[in-house]
Amino acid sequence: MKILRCILYVVMMFLACSCHEWETYSEIPHIEFLEYQLLIDADSVPQKGVIVFSFTDGDGDIGLKENETEPPYDYNLFIEYLELHDGEWKHHVNEMGDTVNFNSRIPVITPAGDDKNISGTIYDTVSLNKYSPVDTFKYIIYIKDRALNVSNSIETPPILINL
């Protein structure tokens, strides 16, 4: 009777597992904007911001290893910074003539096992451009995986701040 019960249990587990549909995502990463959080110090002065967005990737190849530092693997999180000037969005250019961005690195997050589909939420802290007289700005964000597939681009709503 015990053997019959064990066999029945194994068959039921097999049937339950075979009915489970695994979520599958595209091998090209996909991101969605969730929110922007402003970090304010004790004196109510804005210091930094946190961009929050979700991601999915079908083959789980998001992230860079610490020793991957040469292009095209120097960054995999790309954040463009735009300011509102007289009703027009423009990239901010610093004194050296370089476009200001807040590119960053996502560490390797490839899951173990056969199912490489991944999804999650990324929180990235960005500095505020305290040297700009403009009080309204936004960010455009996209990511690249290790196969160099580029995700869709997302953008924050306009952010109004008095620095």
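Reader: What share of the contacts with a separation of 6 or more lies between residues 24 or more positions apart?
Author: This is a predicted model, in which local features need pLDDT of at least 70, side-chain atom pairs count only at pLDDT 80 or more, and totals for chains, interfaces and linings use all residues. Residues are numbered from 1 along each chain as its sequence is written, and side-chain values use heavy atoms, leaving out hydrogens and water. Contact means heavy atoms within 4.5 Å. In the protein chain, the share for residues 24 or more positions apart is 69%.

Reader: Which elements make up the protein chain, and in what order?
Author: Helices (H or I, at least four residues) and strands (E, at least two) are DSSP runs, numbered from the N terminus. The chain has one helix and eight strands. From the N terminus, the order is α-β-β-β-β-β-β-β-β.

Reader: Where in the protein chain is confidence lowest?
Author: pLDDT is the predictor's confidence in each residue, from 0 to 100. Its mean over the protein chain is 86, and 85% of the residues reach 70 or more. Strand 7 (residues 154–155) has the highest confidence, at 98. The lowest, a mean of 47, belongs to helix 1 (residues 2–19).

Reader: How many contacts beyond four places in sequence does the model have for residues 4–12?
Author: Over this stretch, residues 4–12, pLDDT stays under 50.

Reader: Which residues does Ile141 contact, leaving aside neighbours within four places in sequence?
Author: Ile141 is among the core residues with the most contacts inside the core. Its partners are Ile31, Ile51, Phe53, Leu77, Phe78, Ile79, Asn152, Ser153, Ile154 and Thr156.

Reader: Is Thr136 buried or exposed?
Author: Thr136 lies in strand 6 (residues 136–143). Buried means under 20% relative accessible area, exposed over 50%, partly exposed in between (1.4 Å probe, protein chains only). Thr136 has 13%, so this residue is buried.

Conventions. A nonpolar core is a set of buried Ala, Val, Leu, Ile, Met, Phe, Trp, Tyr and Cys residues joined through side-chain atoms within 4.5 Å.
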